[in-house]
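These are my notebook entries on one protein chain. I set down what I looked up, one topic at a time.

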Amino acid sequence: MKISLTFDIERDNPNFLDTYKGLTEGLPKILKLLDDFKIKGTFFCTGFIARINSNVIRSIERRGHEIACHGLDHERLSKLNYSECKKIISRNREILQNLCESKIYGFRAPFLDPPQFLPSLLENLDFSYDSSFKKRRENYESANSILEFPPSQFSVFFRFPFGYQFLRKRIFQMDSIVLYFHPWEAINMRKLLNNETTAVDLIKKGLFRPDRWIHTGRKFLTNLRSFISDSIIKKINFLPLRDLC
Ligand SMILES: [Zn+2]
């Protein structure tokens, strides 16, 4: 069995907050955890993050992880046309490629909300894979050379009560899975939301949604550590997505 751990590197809870605590405080904890187990993951990065803190991108790559693209400033690509998307994705890759020694192979649409033409656009831009469509769907424009790695919807269960036990059982029955996480999940989002937003904001912005904050921070890191450790005992391979191409 193969597991790919993927992380979207962007601001905290995009569209709701303008803070970067996940980047400054959460990401180092995630990188340390992966180092502890000598596991390599895939990090989908926005161009904006690379511009404000290029050292973050370099330090992820230096540890042997894969850097991939995730838009310029986390744009909702399904609302944009082909040439607008092309401009964003090309620039995103250019910014990241200038910082990275390894070739950039992959893309993931922000909000997992890709336009239907995304695979053919990625093919046109000479990418190797996409990880944006939640399930293998018939209704996107397929592109022969683009591999699709659908991200699993299970990831949020890492933070729900009893979710981890359910998750572990289901995942260990599969052949392969792509799990996706965010650096803000490794910090206490409840505390951050209380500091950064008013009660009215919380309702207006939909932040009462528990998946935005529940069991973020220590609980998330504990569950992730325990999951990796159980997987290693079962001799499961952890591979960055580029190694599946
Ligand atoms: Zn994202």
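Which residue of β8 stands opposite Ile3? I looked this up and found Phe238 in that place.

**Entry 1: ground rules**

I note that this is a predicted model, in which local features need pLDDT of at least 70 and side-chain atom pairs count only at pLDDT 80 or more, whereas totals for chains, interfaces and linings use all residues. Residues are numbered from 1 along each chain as its sequence is written.

**Entry 2: the whole protein**

I recorded nine helices and eight strands. Helices (H or I, at least four residues) and strands (E, at least two) are DSSP runs, numbered from the N terminus. Of the 245 residues, 43% are buried. A residue is buried if 20 or more other C-beta atoms lie within 10 Å of its own, exposed if 12 or fewer, and partly exposed in between, with C-beta atoms placed from the backbone. I also looked at contacts (two residues whose C-beta atoms, placed from the backbone, lie within 7 Å). Among contacts with a separation of 6 or more, 71% join residues 24 or more positions apart.

I turned to strand β1, residues 2-9. Seven of its eight residues are buried, so β1 is largely enclosed by the rest of the structure. I then listed its pairings (two strands pair if DSSP finds at least two bridges between them). With strand β2 (residues 42-45), β1 pairs in the parallel sense over four bridges. With strand β8 (residues 237-238), β1 runs parallel and is joined by two bridges. I followed Phe7 across the pairings: its bridge partner in β7 is Phe181, and its bridge partner in β2 is Phe43. As background, I note that in a regular strand the side chains alternate between the two faces of the sheet.

**Entry 3: helices α1 and α9**

At what angle do α1 and α9 pack? I found about 20 degrees between α1 (residues 21-37) and α9 (residues 218-233), with their axes 11 Å apart. That makes α1 roughly parallel to α9, since angles under 35 degrees count as roughly parallel, over 145 as roughly antiparallel, 65 to 115 as roughly perpendicular and the rest as oblique. Axes are lines fitted to C-alpha atoms, for helices over the stretch in contact, and angles run from 0 to 180 degrees between N-to-C directions. From α1, the contact uses Lys29, Leu33 and Phe37; from α9, it uses Leu221, Leu224, Arg225, Ile228 and Ile232. By class, I noted six nonpolar, no polar and two charged residues in this contact. Ala, Val, Leu, Ile, Met, Phe, Trp, Tyr, Cys and Pro count as nonpolar, Asp, Glu, Lys and Arg as charged, and the others, Gly among them, as polar.

I located Leu122 in helix α5, residues 118-124. Leu122 counts as buried because it has 25 C-beta neighbours inside 10 Å. Its C-alpha atom is separated by 7.2 Å from that of Ile146, 24 residues apart along the chain.

Phe111 is placed in the loop between β4 (106-107) and α5. Its phi is near 60 degrees, a positive value in a residue other than glycine.

Asp126 is placed in the loop between α5 and β5 (129-130). Is Asp126 buried or exposed? With 9 C-beta neighbours inside 10 Å, Asp126 counts as exposed. Its phi is near 70 degrees, again a positive value in a residue other than glycine.
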